[in-house]
Amino acid sequence: MYYLSIQGNQKLKGSVSISGAKNAALPLLAATLLSKNKINITNVPEVADVKTLLTLLGNLGSISSYENNNVTIDTTKVKSACANYDIVRTMRASILTLGPLLARFGHCEVSMPGGCAIGQRPIDLHLKALEQMGAKIELKDGYVLATAPQGLKGTTIIFDKVTVTGSENIIMAASLAHGVTKLVNVAKEPEVVQLCEVLQNAGVKIEGVGTANLTIIGSYGKLLDMKNFKVIPDRIEAGTYLCAGAITNSQITITDVIPEHIEAITLKLIQMGFGIETTKETITIIPTEKILPADIETTEYPGFPTDMQAQFMALCTQASGTSIIDERLFENRFMHVSELSRMGTNIKLKGHSATVEGNTELNAADVMATDLRASSALILAAFVAKGTTKVHRIYHLDRGYENLEGKFSLLGAKIERLEE
Ligand code: UD1
């Protein structure tokens with residue numbers, strides 16, 4: 001197993017290019033199940049989650065190649081509609097095949113994703129919406145068995161909660177459904193918007209893209225004429241590098257980003273005292289004399305993303321006072337707190353709220369990654385700790401950050417991947 005060895009007391013400098021968004025690439029790859037032709041997708045990040053989904057799509061019968069951030073995929077020969085446990089258990093997002101498989105074949109079997117490190121994460125809203133579209137759903141031996149022999153039917157669906165992959169699953173299902181589907185309380189994340197745009201380019205009529213209310217005219221089961229496209233930049237990777245600049249109080253520039261997608265993050269950094277300079281596709285963070293404490297509440301887009309909560313928690317330990325972080329989306333997304341405490345942080349948890357003491361001198365330690373974003377918080381803390389930190393179980397990081405140690409090395413960090 002690999003770990004990262006990171007020297008502390010570091011300053012960073014220079015610029016780093018941001019990769020394509022993992023959370024956009026996953027639903028878009030699942031959407032290729034709706035296509036009647038071969039598609040070329042560029043700017044696909046080379047991360048483990050993408051490889052896992054391509055393996056799953058391959059098991060179903062698709063043919064793909066994946067080189068230099070380019071995926072060419074042909075799903076026309078897909079015959080099987082069974083996403084089995086062996087793959088789904090390694091990646092929750094495999095559930096994104098449920099909507100497209102059911103819409104295309106009128107039946108499918110997808111293993112239940114189960115719990116994960118950041119909480120229970122149910123899929124009840126995905127299933128309820130498909131039932132409203134006429135599907136019969138049975139849960140058996142850990143699998144969702146779904147059937148809709150006459151095809152899915154357009155209807156009005158009001159999501160009880162905003163769910164990102166839930167919205168994406170139902171948008172894909174509605175694209176092939178019979179009639180008009182009205183979706184209310186849809187997620188507005190940029191990744192959901194790109195999925196809608198790619199489906200629109202494939203001929204699906206969708207109104208309200210980027211809002212909480214969508215009207216989708218289904219194709220009555222006809223496969224779509226999908227065009228080639230480029231995956232949008234990863235706003236969470238972008239935010240993580242900005243936080244690295246912030247915690248080391250260094251000037252760095254991130255390139256190939258869409259600054260509008262990262263506004264909740266850059267606004268928070270400005271509130272904490274940092275300067276932010278933006279061009280059309282770049283963001284530069286400018287150091288501050290005093291890092292101010294923050295008040296953060298995670299919420300749905302365009303609010304502050306839960307996927308940036310752990311990184312800001314590491315940053316807040318270097319602020320000049322006490323910060324409060326409220327986690328509103330996931331009940332158990334504070335696993336990084338106990339690992340950070342091994343480095344000397346003073347963070348108190350009460351319910352979904354964390355009180356983070358600033359002015360903390362951090363010391364290097366052996367720490368363990370617990371989930372994808374929690375791992376990046378440990379790296380950020382290691383950059384300002386005294387000594388050399390070892391971050392173990394970095395397979396979590398490899399799920400979602402492309403070439404992480406290469407990119408940080410480019411910024412001047414002393415970071416190495418070593419074998420245990
Ligand atoms: C997606 C992102 C993940 C991000 C999260 C929130 C992908 C692949 N993953 O995850 O990185 O942290 O959005 O921005 O895009 N819920 C239910 N029932 C459901 C579905 C969700 O109760 O059927 C709840 C969840 O437990 C959670 C909230 O709704 O409390 C939001 O979850 P959701 O938006 O569905 O997260 P994911 O789509 O799994």
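Which residues does Asn-363 touch, not counting residues up to four places away in sequence? Hold that thought while I set things up.

What you see is a predicted model, where local features need pLDDT of at least 70, side-chain atom pairs count only at pLDDT 80 or more, and totals for chains, interfaces and linings use all residues. Residues are numbered from 1 along each chain as its sequence is written, and side-chain values use heavy atoms, with hydrogens and water left out.

Okay, back to Asn-363. It touches Met-343, Ala-385 and Lys-386, where contact means heavy atoms within 4.5 Å. You'll find Asn-363 in the loop between β21 (353-356) and β22 (366-368). Asn-363 is partly exposed, at 37% relative accessible area; on this scale buried is under 20%, exposed is over 50%, and partly exposed is in between, using a 1.4 Å probe and protein chains only. Leu-340 sits 23 residues away from Asn-363 in sequence, and their C-alpha atoms are 10.0 Å apart in space.

Now compare Thr-389. This one belongs to strand β23, residues 388-392, and it's buried, with a relative accessible area of 0%. Setting aside neighbours within four places in sequence, its contacts include Leu-4, Ser-5 and Ile-6, along with Met-343 and Val-367.

Let's zoom out. The chain has 14 helices and 24 strands; these are DSSP runs numbered from the N terminus, with helices being H or I of at least four residues and strands E of at least two. Its radius of gyration is 21 Å, close to the 22 Å that the globule rule gives for 420 residues, so the chain is as compact as a globular protein of that length. That radius is taken over C-alpha atoms, and the rule is 2.2 Å times the number of residues to the power 0.38. Buried residues make up 57% of the chain.

What about the inside? A nonpolar core here is a set of buried Ala, Val, Leu, Ile, Met, Phe, Trp, Tyr and Cys residues joined through side-chain atoms within 4.5 Å. The largest one has 74 residues, and Leu-130, Met-133, Leu-152, Ile-171 and Leu-183 touch the most other members. Helix α1, residues 22-31, gives the most to it, with seven residues. In soluble globular proteins, nonpolar side chains tend to be buried together.
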